[in-house]
Amino acid sequence: MDKLSGKTSDARKKSKSVEFHMPMVGESLGKHQKRLDSDLLAQGKLDFIKYLESVKGQLTQEQFELIRSSALDQNNLMATSDKLHAKNIETKFLLLKRRFYLDADNVVRDHKNSDKTVCEPDMIFDLVICGHVKNEHMHWRRLHRFLKMQYANVTRDFTQLCLRYCSKCNTDRKMLPQQKYRHYNIYSGLLPLERVHVEIITPFSTPIESMYSHLLYFRDYHSRFVWMQPLKGDDVGNLNDALLTFLLSLPRIPMFIETSTLNRQGLFEICERIASEYALTIGLGMSRSRTFQRNGITRLRQQLREHSDQCLAAWPMCLKRGATDQNLAYNTRVLAIPGNLLHNTISDYARQFELKREKLIENLSASNVVELRYNGRRQGLLYLEDETTAFQMPDEEYISTEYETDGKCDTPVDQITPINSSPQPHKLTEPLSSVLKTRMLLSDKPDLNRSPEISRQLSFGRGVQEENTETLCNASIEL
Ligand SMILES: [Zn+2]
């Protein structure tokens, strides 16, 4: 596709200033029909349907028809898929019932996706091609951004796949090998507790229970399971205690902790102290999963603020709204309940986990693995990812276009919160060497210069701006 995008770049540049022409379901290609290879289109349509049916969680044509004719019940739903059986049919049925409905104009809509139109699955291919040719053979990524504003079930993968069958763009008819559909959970390749995101958050401008001004938020990448600890302040002492409590109450210490709130140096210092004092093995990660992290925080803030009266009055209510409700509910990003995924029966999980960690440490360069001492005794281990060893997220670029809303949200968030700005190799290696030579003297207060996020959160003046930003962003964020 890279080659193809070059050929259409002129058209795209031109179309930037031009209004987007939204295609309608069932709309014909009109004058463009003649210029396209109809055999290739026919093949594309068949390939697309086959692909769609392999995608977990996508409404199939049969299911769509049952919903459109208001005939959906557990019996006929069962007949639409060999994956459905007596044990899961009720859940699936309730899920579909809650999610999709027929509006007054007989249009199927997706309640969970801002009530957008659900395109008849058999018509998605035509719809995408039509949108593409009507808009000067627009690049799939940009096209998807427009289509998803109106249609609930036109995914970026679908858009990309369909455009391969445009004979004008794909002149040599080269089909990249059809990728086997990735599990919907982009982190399915990780183990539970392999990577955990940690963040300091100031949810309200006044403290919870008049006591907790901040909270420490944790989210497991694989399962999306959320934990939280209340903080009376964002100083090192409070962070240290909350992180320690979290780590010691887990069934196993996560392989990697990721952060964008704390700079790497700050987190390193805290983890170093914890690891040596409690003889733990802790890893600091450096994956560039900015959107994943941002989505998690935005969602949490949204949930707490929706119930701000309850949450401000009682910390347990924050836990309930911000963590428990999410952990026990079906999550469309992972197509499962986080609580179930966290305790999923991955065969031989414990052994797999430890082997993976061992191998990982083995592959790190010596300067990234720090053996610690406590009271003169050798105990605890800290290891760090750097730029070269960092975990590469699959399709990182796609994910950012998928999640990020267009325009306004990006700028303020970036300006205020330089998420993941600290993990630069030079910033990491320089302070580290000095840390290793001299045992750290932890100051009572975090160094404000080194931690822009912390100083930002103490300034309430920005809070208002932040809120506005989120109102804009919330609509399209789905975790
Ligand atoms: Zn084209």
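The chain averages a pLDDT of 77, and 75% of the residues score at least 70; pLDDT is the predictor's confidence in each residue, from 0 to 100. The structure is a predicted model, in which local features need pLDDT of at least 70 and side-chain atom pairs count only at pLDDT 80 or more, whereas totals for chains, interfaces and linings use all residues. Residues are numbered from 1 along each chain as its sequence is written.

Confidence is highest in strand E6 (residues 226–231), at a mean of 97, and lowest in helix H17 (residues 410–416), at 27. Where pLDDT is low, the predicted coordinates should not be read in detail.

The chain contains 20 helices and 10 strands, which are DSSP runs numbered from the N terminus (helices: H or I, at least four residues; strands: E, at least two). Of the contacts between residues at least 6 apart in sequence, 69% join residues at least 24 apart. Buried residues account for 34% of the 479 residues; a residue is buried if 20 or more other C-beta atoms, placed from the backbone, lie within 10 Å of its own.

Helix H6 (residues 124–134) is largely enclosed by the rest of the structure, because 10 of its 11 residues are buried. Among them are Phe125, Leu127 and Ile129. The buried residues of H6 pack against helices H2 (38–54), H7 (140–150) and H8 (156–163). Glu136, which follows H6, has a positive phi, near 55 degrees.

Methods
Buried ≥ 20, exposed ≤ 12 C-beta atoms within 10 Å, placed from the backbone. Contact = placed C-beta atoms within 7 Å.
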